[in-house]
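Keep the structure open as you read.

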Amino acid sequence: MAVRLSVKAPILRFIRRIAAGQPITIFGADKVLDFTFVDDCVDGIARGVTALAAGRVRNETINLACGQGNTLVRMAELVGQALDKTPQINVAPTQLGEVTRYVADISKAKALLGYAPQVPLEAGIPRAVAWSREWETRR
């Protein structure tokens, strides 16, 4: 079975480009996003399924995210550190209609599910880089 990864995901795209010594373009130096490590998402989903099966939650919309914002510039710098490379970052103006700040409110997930993200961006990027390197060698 072949697995296709989307290169639209900024972390993976940045890892690939920085590893190859290629420049990256960030649209909006102050753009802030909420990056969530996959293990935290899986934990939240498992907690949601358990709570649903036990009848503790019903008909709820719950955000599963990190709940902390980081700029794309900061994320690119962390990728560069994990790769031991200096990223070539080109900053361009924010594109019209683009979300410039998104940080999820995870208070409902905390209250209803006991959800508490464990992997901040600073810890997740090195793990993502290691996974990406392993993935590329298996392709």
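Asp84 counts as exposed, at 71% relative accessibility. Here exposed means over 50% relative accessible area, buried means under 20%, and partly exposed lies in between, with a 1.4 Å probe and protein chains only. Asp84 sits in the loop between H3 and strand E4 (89-92). Its phi is positive, about 60°, although Asp84 is not a glycine. Helices (H or I, at least four residues) and strands (E, at least two) are DSSP runs, numbered from the N terminus.

This is a predicted model, in which local features need pLDDT of at least 70 and side-chain atom pairs count only at pLDDT 80 or more, while totals for chains, interfaces and linings use all residues. Residues are numbered from 1 along each chain as its sequence is written, and side-chain values use heavy atoms, with hydrogens and water left out.

Asn59 also has a positive phi, near 55°, and is a residue other than glycine. Its place is the loop between helix H2 (38-53) and E3. Is Asn59 buried or exposed? It counts as exposed, at 73% relative accessibility.

Now step back to the whole chain. Its secondary structure comes to five helices and four strands. From the N terminus on, the order is α-β-β-α-β-α-β-α-α. The C-alpha atoms fill a box of roughly 50 × 40 × 25 Å, taken along the principal axes. The chain has 139 residues, and buried ones make up 31% of them. Contact means heavy atoms within 4.5 Å. Take the contacts between residues at least 6 apart in sequence: 84% of them join residues at least 24 apart.

Next, the surface. The accessible surface of the chain comes to about 8800 Å². Carbon and sulfur atoms account for 53% of that surface. These areas come from the Shrake-Rupley method with a 1.4 Å probe, and for residues only the protein chains shown count as cover. The chain carries 18 positive and 13 negative side chains. The centres of the two sets lie 5 Å apart. Lys and Arg count as positive, Asp and Glu as negative, while His and the chain ends are not counted. The place of a charge is NZ of Lys, CZ of Arg, CG of Asp or CD of Glu.

Which residues lie nearest the centre of the largest pocket? They are Ile11, Thr36, Phe37, Val38 and Ala128, out of 18 lining residues. Helix H1 (10-19) and helix H5 (121-138) are the elements that give two or more residues to this lining. H5 gives the largest share, six residues. The space in the largest pocket is about 440 Å³. A pocket is found on a 1 Å grid over the protein atoms alone: it is an open set of points where a 1.4 Å probe fits, with protein on both sides within 12 Å along at least five of seven lines, and lining residues have an atom within 4 Å of a point. Grid points are joined across faces, edges and corners, and the volume is the space filled by probe spheres set on the points.

Stay with helix H5, where Ser132 has its place. Ser132 is buried, with a relative accessible area of 4%. Leaving aside neighbours within four places in sequence, Ser132 is in contact with Leu12 and Ile15. Ser132 and Arg16 are 116 residues apart along the chain, yet their C-alpha atoms are separated by 8.3 Å.

Pro10 lies in helix H1. Pro10 counts as partly exposed, at 23% relative accessibility. It touches Phe35, Leu72 and Met75, not counting residues up to four places away in sequence. Its C-alpha atom is separated by 9.8 Å from that of Ile26, 16 residues apart along the chain.

Phe35 comes up again at Asn70, a residue of strand E3 (residues 70-71). Asn70 counts as buried, at 14% relative accessibility. Beyond its neighbours within four places in sequence, Asn70 is in contact with Lys31, Val32, Leu33, Phe35, Leu121 and Glu122.

Glu122 leads on to Arg74, in helix H3 (residues 72-83). Arg74 touches Gln81 and Glu122, not counting residues up to four places away in sequence. Arg74 and Glu122 are 48 residues apart in sequence and 9.5 Å apart in space, C-alpha to C-alpha. Arg74 is partly exposed, with a relative accessible area of 29%.
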